[in-house]
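Please look over the sequence and the model below before reading on. The paragraphs that follow go from the sheet to the cores and then to single residues.

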Amino acid sequence: MRQKGLGLIIIALMLGMLLAALDQTIVSTALPTIVSDLGGLEQLSWVVTGYMLASTVSTPLWGKLGDQFGRKGLFIAAIIIFLIGSALCGLSQSMTQLIVFRSIQGLGGGGLMVLAQAIVGDVVPPRQRGKYQGFFGAVFAVSSIVGPLLGGLFVDHLSWHWVFYINLPIGVIALIVIIAVLPGHESTTRHKIDYAGVVLIGGATSCLVLIATWGGTTYPWTDPVIIGLAVAAVAMLIGAYFVEKHAAEPIMPLKLFTYRAFTMSSLVGFVIGFGMFGALTYLPLYLQTVQGVSATMSGVHLLPMMVGMLSLSIISGQVISKTGRYKYFPIAGTFIATIGMFMLSQLSENTSTLAMSIDLLVLGIGLGMTMQVLVIVVQNAVGYEDLGVATSGATFFRSIGGSFGVATLGSVFTGRLNDDLTEILRTTRLPDGFNPGAIQKDPTVIQQLPKALAQDFLHAYADAIAHVFLVGAPVMFLAFLLSWFIPEQKLRETTKAVDIGESMGATSAERSSLAEVERGLVRLADADLRKDYYVRLGRLAGLSELPPQSVWVIARLGGEDWVKAADLAERAQVTRAEGRPYVDQLTTRGLVARSADGESLKLTPEGDQMAERLLQHAKDGLGKLVEDWGPRPELRQLCDRIAPELLGADADRPA
């Protein structure tokens with residue numbers, strides 16, 4: 001594919017990924033304003049939960065269908081669904097409508113994230129794939145940080161509707177580029193899609209989240225609605241057990257739970273998602289209602305948490321890659337996150353900005369130290385045949401944890417607020433004509449009250465939000481206890497190539513085990529090729545007396561017929577005069593022949609043998625990186641396929 005066309009495709013894919021990733025967090029700082037406009041404070045959590053559940057549960061379907069029917073058509077469909085959902089969200093006239101439309105948006109968002117990453121593997125050559133994978137990880141990480149800030153900016157300078165409308169022009173640009181430029185003839189793979197598993201697991205999860213949301217607040221725990229949801233959840237979980245046990249390609253193979261590392265990491269990941277999204281959802285409400293800051297500034301106040309998460313996630317990944325040790329990161333991280341949760345449980349209407357920033361930074365550091373490790377632990381523990389589905393399973397549980405966190409903590413918040421408001425109404429006389437129920441629907445009406453009375457209601461909100469973190473602290477401590485049971489094993493080479501996007505909570509790309517190893521392999525090769533690779537390769541092939549530039553020329557000419565010298569110089573980004581000395585050494589050695597007019601170059605038979613030797617050493621080098629997966633023919637074939645594409649790449653020409 002031509003570089004210009006590839007660049008356009010990558011930009012369009014990154015735009016799609018950006019939209020889907022932003023919509024996990026951009027709405028958080030807009031929620032207080034949305035509630036003041038549409039009402040329904042008790043339903044606030046579902047604006048976040050609806051998107052996350054739809055995105056998480058639909059991900060396996062998007063991945064399998066993309067493999068089977070081609071990713072271009074599915075990616076176009078995902079963009080269209082996402083844009084329809086975004087437009088409807090912006091037009092919502094009630095909280096119920098917004099929740100339904102957010103679910104539609106999440107359905108498309110799951111497809112955008114999973115297919116964008118998969119398409120990169122289809123269109124990008126292996127030598128460049130590691131770089132572009134890094135770009136996509138960076139997009140997700142950056143969107144996690146700037147999402148709340150952007151949401152606040154749109155609310156303050158436009159309206160909350162633009163949190164959703166902004167997706168439309170960006171999405172349309174991505175859609176046009178994908179239709180016009182992305183090839184549609186990629187190879188497909190037949191799957192026996194586990195539709196029943198998706199429906200049963202998704203249905204059971206939704207029932208459990210509804211129980212966490214409604215139980216004890218909207219309905220008593222003994223209400224027929226709650227009991228009916230519990231019975232339905234149990235029935236669907238039992239059904240899912242038998243379906244997954246016999247499915248040809250289960251979305252959640254039961255054998256994964258025989259790995260202690262997978263089970264413990266999934267539980268810890270569930271709690272991490274619980275804490276992260278719970279905090280992101282309710283802190284803006286505290287900041288805007290209790291502290292009285294603008295929506296934009298509430299996004300700024302969240303930056304310590306997001307920066308702490310990103311920086312420690314990167315640092316922990318680098319340390320693990322260099323040392324091969326990872327066990328104590330989740331232990332330390334969950335302990336620090338527990339402290340952060342407890343510190344936030346002390347929030348009040350009098351808490352200073354500095355104190356709150358420190359609290360958020362501590363929580364972010366703890367989450368960041370843990371998130372990066374969990375994917376590594378799972379990938380390192382399971383067998384090759386389970387690698388792909390185990391990776392997606394780990395991110396699945398973290399996303400589901402986020403849904404439960406927002407719903408459960410929302411129930412805690414609503415229950416505590418009701419109790420506090422009831423106490424205020426019992427002991428305080430309200431102004432004539434003031435409806436106390438309006439405070440629960442729209443917190444901004446507190447500003448209409450006399451100052452002393454308003455302070456009582458602000459204290460009620462501060463106390464309810466602090467109680468959210470007081471409940472979250474022991475839950476996070478449970479993750480600390482569980483993290484001690486995560487076993488540490490010798491780190492496989494390809495698991496060292498960590499993906500910052502997946503570690504920050506991105507939806508897994510639903511890769512096969514082979515594709516998962518290939519992803520790690522090309523990223524490791526990318527790093528290796530930048531470190532005097534042709535000096536080392538020449539030494540292995542017995543060409544240590546030749547400069548690395550000459551070794552690169554041999555690799556570049558390998559398998560080619562006559563190549564114009566001008567074209568070779570252009571690929572090397574040098575003039576012919578600058579490149580001639582290195583070619584002259586090869587012609588002197590009898591490894592390269594020049595055409596009669598001196599304008600073209602070709603390897604001699606001896607040069608062909610040397611190129612084959614270089615290629616074999618390159619294959620052997622890749623083979624060493626995957627040998628800890630055991631002797632598998634498909635991995636050997638992977639090395640044989642990738643090595644020729646990596647060798648002699650323009651990006652690696654020695655200076």
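Which helix lies across strand 2 and strand 3? Helix 24, residues 576-588, lies across both and runs at about 110° to strand 2. Axes here are lines fitted to C-alpha atoms, for helices over the stretch in contact, and angles run from 0 to 180 degrees between N-to-C directions. Helices (H or I, at least four residues) and strands (E, at least two) are DSSP runs numbered from the N terminus. The model is predicted: local features need pLDDT of at least 70 and side-chain atom pairs count only at pLDDT 80 or more, while totals for chains, interfaces and linings use all residues. Residues are numbered from 1 along each chain as its sequence is written, and side-chain values use heavy atoms, with hydrogens and water left out.

Over the protein chain, the secondary structure comes to 26 helices and three strands. The three strands form an open sheet in the order 1-3-2, with antiparallel pairing; two strands pair if DSSP finds at least two bridges between them. Strand 1 (563-564) and strand 2 (592-594) each have a single partner strand and stand at the edges, so one side of each has no neighbour in the sheet. Strand 1 pairs with strand 3 over two bridges, in the antiparallel sense, and V563 stands opposite L601 in strand 3. Strand 2 is joined to strand 3 (residues 600-603) by three bridges, also antiparallel. Here A593 has K602 of strand 3 as its bridge partner. Strand 2 and strand 3 form a hairpin with five residues between them, and G598 in the turn has a positive phi of about 75°.

Of the 655 residues in the protein chain, 58% are buried, where buried means under 20% relative accessible area, exposed over 50% and partly exposed in between (1.4 Å probe, protein chains only). The chain exposes about 25800 Å², of which carbon and sulfur atoms supply 62%; accessible areas come from the Shrake-Rupley method with a 1.4 Å probe, and for residues only the protein chains shown count as cover. Among contacts (heavy atoms within 4.5 Å) with a separation of 6 or more, 80% join residues 24 or more positions apart.

A nonpolar core is a set of buried Ala, Val, Leu, Ile, Met, Phe, Trp, Tyr and Cys residues joined through side-chain atoms within 4.5 Å. The largest has 155 residues, and those with the most contacts inside it are I34, L367, F413, I554 and L647. Not counting residues up to four places away in sequence, L647 touches Y533, Y534, L537, A555, L614, L615 and A618. A second, separate core has 37 residues, including M17, L19, A20 and L175.

F262, in helix 11 (residues 260-290), counts as buried because its relative accessibility is 0%. Leaving aside neighbours within four places in sequence, F262 is in contact with M252, L256, F257, V378, A390, G393, A394 and F397. E423, in helix 16 (residues 387-427), is partly exposed, with a relative accessible area of 38%. Its C-alpha atom is separated by 9.5 Å from that of A460, 37 residues apart along the chain.

Finally, the cysteines. C89 counts as buried at 0% relative accessibility, as does C639 at 1%. A search of the whole structure for disulfides (pairs of cysteine sulfur atoms within 2.5 Å) finds zero.
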